[in-house]
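Subject: Structure handover

Hello,

Here is the structure I promised to pass on. My notes follow below it.

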Amino acid sequence: MKKVGIIMGSDSDLPVVEKATAVLDEFGVPYEVHVYSAHRTPLEAKVFSESAKEKGFGVLIAFAGMAAHLAGAVAANTTLPVIGVPCKGSVLDGMDALLSTVMMPTGIPVATVAINGGGNAALLALQMIALTDLELGKKLDEKRKKDAAKVLEKDEAVAAKFNK
């Protein structure tokens with residue numbers, strides 16, 4: 001099974017990263033987590049990105065706030081899929097990170113999820129890996145069914161209370 005590489009620009013992004021690792025743990029998918037800044041440790045981020053494919057990674061997820069150049073810096077150095085997770089900062093509520101992550105130039109794509117969307121980033125990574133891993137695909141299908149059943153249970157409870 002392919003691994004997921006997780007890179008955060010700062011350990012202040014860890015609470016958002018933990019949303020992703022919880023999902024990956026739920027599905028039993030291996031991953032590595034690193035703190036590499038696009039600005040303060042660009043060489044380490046580059047080396048990790050360039051060598052990720054040969055080290056067995058299938059998808060990389062980059063978490064960063066503020067200027068959020070990490071996902072783009074990672075994507076510039078690999079052809080693996082890169083998912084950017086903009087993290088909420090103290091100044092612009094994550095809008096700066098969102099725009100920096102989503103506005104990539106043609107030729108260097110970065111899939112971008114919502115601000116602080118670590119859980120969805122992990123699910124998207126799993127969907128990518130499941131393209132070649134049928135067992136993981138089945139697990140994802142089951143999760144969707146369970147999630148739908150939970151919503152329908154809530155619908156029944158609300159309907160019973162309010163529909164007359």
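First, a term: a crossing is left-handed if the near helix is turned anticlockwise from the far one by less than a right angle, and right-handed if clockwise. Keep in mind that this is a predicted model.

Helix packing

The term applies to helix 5 (residues 118–130) and helix 6 (residues 134–162). Their axes come within 8 Å and cross at roughly 135 degrees. That makes helix 5 oblique to helix 6. The crossing of the two is left-handed. Helix 5 brings Leu-123, Leu-126, Gln-127, Ile-129 and Ala-130 to the contact. Helix 6 brings Leu-134, Leu-136, Gly-137, Leu-140, Lys-143 and Arg-144. By type, the contact residues of helix 5 and helix 6 divide into 7 nonpolar, 2 polar and 2 charged.

Aromatic rings

A search of the whole structure turns up 2 aromatic pairs. One of the pairs joins Tyr-36 and Phe-48. Their ring centres are 5.9 Å apart, the planes make 50 degrees, and the pair is tilted. Tyr-36 sits in the loop between strand 2 (31–35) and helix 2 (42–51), and Phe-48 in helix 2, so the pair ties together parts that are 12 residues apart in sequence.

Are these two residues buried or exposed? Buried means under 20% relative accessible area. Tyr-36 has 18% relative accessibility, so Tyr-36 counts as buried. Phe-48 has 6%, so Phe-48 counts as buried too.

Ring pairs also bring in Phe-57: Tyr-36, Phe-48 and Phe-57 are linked into a cluster.

Best wishes

Definitions and conventions:
Residues are numbered from 1 along each chain as its sequence is written. This is a predicted model: local features need pLDDT of at least 70, side-chain atom pairs count only at pLDDT 80 or more; totals for chains, interfaces and linings use all residues. Side-chain values use heavy atoms; hydrogens and water are left out. Axes are lines fitted to C-alpha atoms, for helices over the stretch in contact, and angles run from 0 to 180 degrees between N-to-C directions. Helices (H or I, at least four residues) and strands (E, at least two) are DSSP runs, numbered from the N terminus. Angles under 35 degrees count as roughly parallel, over 145 as roughly antiparallel, 65 to 115 as roughly perpendicular and the rest as oblique. Contact means heavy atoms within 4.5 Å. Ala, Val, Leu, Ile, Met, Phe, Trp, Tyr, Cys and Pro count as nonpolar, Asp, Glu, Lys and Arg as charged, and the others, Gly among them, as polar. Rings of Phe, Tyr and Trp (its six-membered ring) pair if their centres lie within 6.5 Å; planes under 30 degrees apart count as stacked, over 60 as edge-to-face and the rest as tilted. Buried means under 20% relative accessible area, exposed over 50%, partly exposed in between (1.4 Å probe, protein chains only).
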